[in-house]
Amino acid sequence: MSDAVAVRRQLKIKSGVVKRLSKEIGLYTKEVEQNRIKVEKFKADGAEDWDIKNGVRTYQSVSSCPLTLWQRKTRLIDESQRMVRDSQDRLGKATEELRVLVNSAERVDGLEGEEELAEARETLEAASI
């Protein structure tokens with residue numbers, strides 16, 4: 001019976017990891033889009049390439065706007081894109097681990113109709129979409 005308890009616990013943990021990573025990918029993707037919109041606004045306002053890359057408006061008074069609002073927008077886009085790729089890689093690994101665990105859990109006695117197993121299957125379906 002302790003084997004079923006341990007498997008049930010691992011199913012819950014690994015399902016949570018897959019859900020969290022899926023959410024992270026969505027958030028990082030949204031961040032990339034928000035920063036792209038800001039960069040497009042810089043371009044529309046006539047900012048130069050250097051200003052856009054570094055996220056600083058040279059024609060705007062630095063004292064009227066804190067630099068932290070305008071600094072490094074394109075660098076943030078690059079960083080966010082790297083985080084999306086990294087999260088996708090981690091999601092792939094976590095999904096595969098969960099898939100292996102679900103397959104082995106299906107062979108454990110006492111887990112056939114358990115909520116954790118059903119939730120893990122749903123999480124796998126949602127992650128594979």
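Is Lys14 buried, partly exposed or exposed, and what is its relative accessible area? Lys14 turns out to be partly exposed, at 22%, where buried means under 20% relative accessible area, exposed over 50%, and partly exposed in between (1.4 Å probe, protein chains only). The model behind this value is predicted: local features need pLDDT of at least 70 and side-chain atom pairs count only at pLDDT 80 or more, while totals for chains, interfaces and linings use all residues. Residues are numbered from 1 along each chain as its sequence is written, and side-chain values use heavy atoms, with hydrogens and water left out.

The protein chain holds 5 helices and 0 strands, taken as DSSP runs (H or I, at least four residues, for helices; E, at least two, for strands) and numbered from the N terminus. Of its 129 residues, 33% count as buried.

Salt bridges come next, meaning a side-chain nitrogen of Lys or Arg within 4 Å of a carboxyl oxygen of Asp or Glu. The whole structure has 10 of them. In one, Lys14 pairs with Glu97, with the closest N and O atoms 3.3 Å apart. Glu97 sits in helix α4 and Lys14 in helix α1 (residues 2-44), so this pair ties together parts that are 83 residues apart in sequence. Glu97 is partly exposed too, at 43%.

Arg90 and Glu24 also meet in a salt bridge, at 3.0 Å from N to O. Here again helix α4, with Arg90, is tied to helix α1, with Glu24, so parts 66 residues apart in sequence are linked. Glu24 is buried at 19% relative accessible area, whereas Arg90 is partly exposed at 32%.

Thr95 belongs to helix α4 (residues 73-105) and counts as buried, at 9% relative accessibility. Beyond its neighbours within four places in sequence, Thr95 touches Val18, Leu124 and Ala127. The C-alpha atoms of Thr95 and Leu124 are 6.7 Å apart, although 29 residues separate the two along the chain.

As for confidence, pLDDT (the predictor's confidence in each residue, from 0 to 100) averages 81 over the chain, and 76% of the residues score at least 70. Helix α5 (residues 115-128) has the highest mean, 91, and helix α3 (residues 67-70) the lowest, 44. Over residues 65-70 the pLDDT is below 50. Where pLDDT is low, the predicted coordinates should not be read in detail.

Conventions:
Contact means heavy atoms within 4.5 Å.
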